[in-house]
Amino acid sequence: MRMLGSLWLWMALVALVIIGIIATDDRIIVREYSWQAPQGSPASTTLTIAIITDLHSCFYGDNQSQIIDILKSRHIDAIVLGGDIYDDVLPQTHADVLLSQLPAITPNVYYVNGNHELYLPHDAYHQLEQKIRQYGIHILHGQGQAISTDSPVMIWGVSDPVGGRFGQELAAVGAQARAHQPNILISHRPEHITDYTNHPFDIVISGHAHGGQWRVPYLINGVFAPNQGILPKYAGGSYQLPNPSSHSQQTQLIVSRGLARESTRYIPRIFNRPEVVLLTINPKSGQL
């Protein structure tokens, strides 16, 4: 009996070790979502949009190769940088290395800030924006543009509420968005989804929640997220909400779980691997 009890104890310890290794696995993964254009949509070609959020200046291999290799392995039409790419504490080096390479993958790279970029001193943040523009990246704070000259898909952006211009910018881009064409909004904060659905946005791309930091697979999608609290509703994933004012009559909220890793080392990610999101925009049936 004593030997049998020892065997069970060792088996339990081995199982706990295996679960611990799986739970704290922080290797990057690719998560894919899609959006289907409705009948009558002018969207006539398939687009693939890579979504990167909440990097927090973290390291992903020499020359950020773990991220770059993912982007180069697919045909990417646009790259969205959804805030907190830079951190207010960690050095900017790793974020710089990544951003400097993105326009060589596609000229359609779009950035909005997050709260941590805005925690930087005013002058430091101003220099950061200048550097991002010098890389050839489009900053979309209260602005929008077509993804390409032959695409009807419009992409819009707003800055984080910390900067004090969020409401003004959202009203501006919401007034400019036209419901006869697909509209994508980049905004760091998913918890403002009821504000976004007051405007004709078919897709909203956010981050900020870090996947709820800790997850219990199939049971709890996230334990805690900033500005949402315990058991956040929008921790990470794809959510469909009705929106009669939009081109598709709904808004698809995509919340990336982000790439923060060493910036949150004191609260490790549990069952919550860092991710790059790929969103495929599918044209209406019969136009593939």
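The legends below walk through close-up views of a predicted model.

**Figure 1. Two aromatic pairs are found in the structure.** A pair of aromatic rings is described by the distance of the centres and the angle of the planes. For Phe166 and Tyr196, the ring centres are 6.2 Å apart and the planes meet at 70°, so this pair is edge-to-face. Phe166 belongs to helix H6 (residues 166–176) and Tyr196 to helix H7 (residues 193–196), so the pair ties together parts that are 30 residues apart in sequence. Phe166 and Tyr196 are buried. Tyr234 and Tyr239 make an edge-to-face pair too, with 5.0 Å from centre to centre and 85° between the planes. Both of these tyrosines, Tyr234 and Tyr239, are buried.

**Figure 2. Arg261 places its charged end over the ring of Tyr60.** The distance to the ring centre of Tyr60 is 3.9 Å.

**Figure 3. Helix H3 (residues 93–101) has buried residues that line one face.** Which residues of H3 are buried? They are Ala95, Asp96, Leu98 and Leu99. Looking down the axis of H3, you will find its buried residues within an arc of 165°, so they line one face of the helix. As a reminder, an α-helix has 3.6 residues a turn, so residues three or four places apart point the same way. Packing against the buried residues of H3 are strand E2 (47–52), helix H2 (65–72), strand E3 (78–82) and helix H5 (122–134).

**Figure 4. Leu102 sits in the loop between H3 and strand E4 (109–112).** Its relative accessible area is 0%, so Leu102 counts as buried. Setting aside residues up to four places away in sequence, Leu102 touches Ile68, Leu71, Ile79, Leu81 and Val109. Between Leu102 and Val112 there are 15 Å from C-alpha to C-alpha, at a separation of 10 residues in sequence.

**Figure 5. Six strands form an open sheet with mixed pairing.** The strand order is E6-E7-E8-E9-E13-E12. Strand E6 (143–146) and E12 stand at the edges with a single partner strand each, so one side of each has no neighbour in the sheet. On average, and ignoring direction, neighbouring strands of this sheet are turned by 20° against each other. Strand E12 runs antiparallel to strand E13 (residues 250–255), and six bridges join the two. Here Gln240 has Gln252 of E13 as its bridge partner. Helix H6 packs on the sheet, where it touches E6, strand E7 (154–157) and strand E8 (183–186). The direction of H6 makes about 165° with that of E7.

**Figure 6. Arg189 lies in the loop between E8 and H7.** Is Arg189 buried or exposed? With 6% relative accessibility, Arg189 counts as buried. Not counting residues up to four places away in sequence, Arg189 touches Asn115, Asp160, Pro161, Val162, Tyr196, Ser206, His208 and Asn227.

**Figure 7. Leu231 is placed in the loop between strand E11 (229–230) and strand E12 (237–242).** Leu231 has 55% relative accessibility, so it counts as exposed. Which residues is Leu231 in contact with, leaving aside its neighbours within four places in sequence? They are Ile220, Gly222 and Val223. Arg215 is 16 residues from Leu231 along the chain, and their C-alpha atoms are separated by 9.6 Å.

Technical notes
Residues are numbered from 1 along each chain as its sequence is written. This is a predicted model: local features need pLDDT of at least 70, side-chain atom pairs count only at pLDDT 80 or more; totals for chains, interfaces and linings use all residues. Side-chain values use heavy atoms; hydrogens and water are left out. Rings of Phe, Tyr and Trp (its six-membered ring) pair if their centres lie within 6.5 Å; planes under 30 degrees apart count as stacked, over 60 as edge-to-face and the rest as tilted. Helices (H or I, at least four residues) and strands (E, at least two) are DSSP runs, numbered from the N terminus. Buried means under 20% relative accessible area, exposed over 50%, partly exposed in between (1.4 Å probe, protein chains only). A charge sits over a ring if NZ of Lys or CZ of Arg is within 6 Å of the ring centre and within 35 degrees of the ring normal. Contact means heavy atoms within 4.5 Å. The arc is that of the directions from the helix axis to the C-beta atoms. Two strands pair if DSSP finds at least two bridges between them. Axes are lines fitted to C-alpha atoms, for helices over the stretch in contact, and angles run from 0 to 180 degrees between N-to-C directions.
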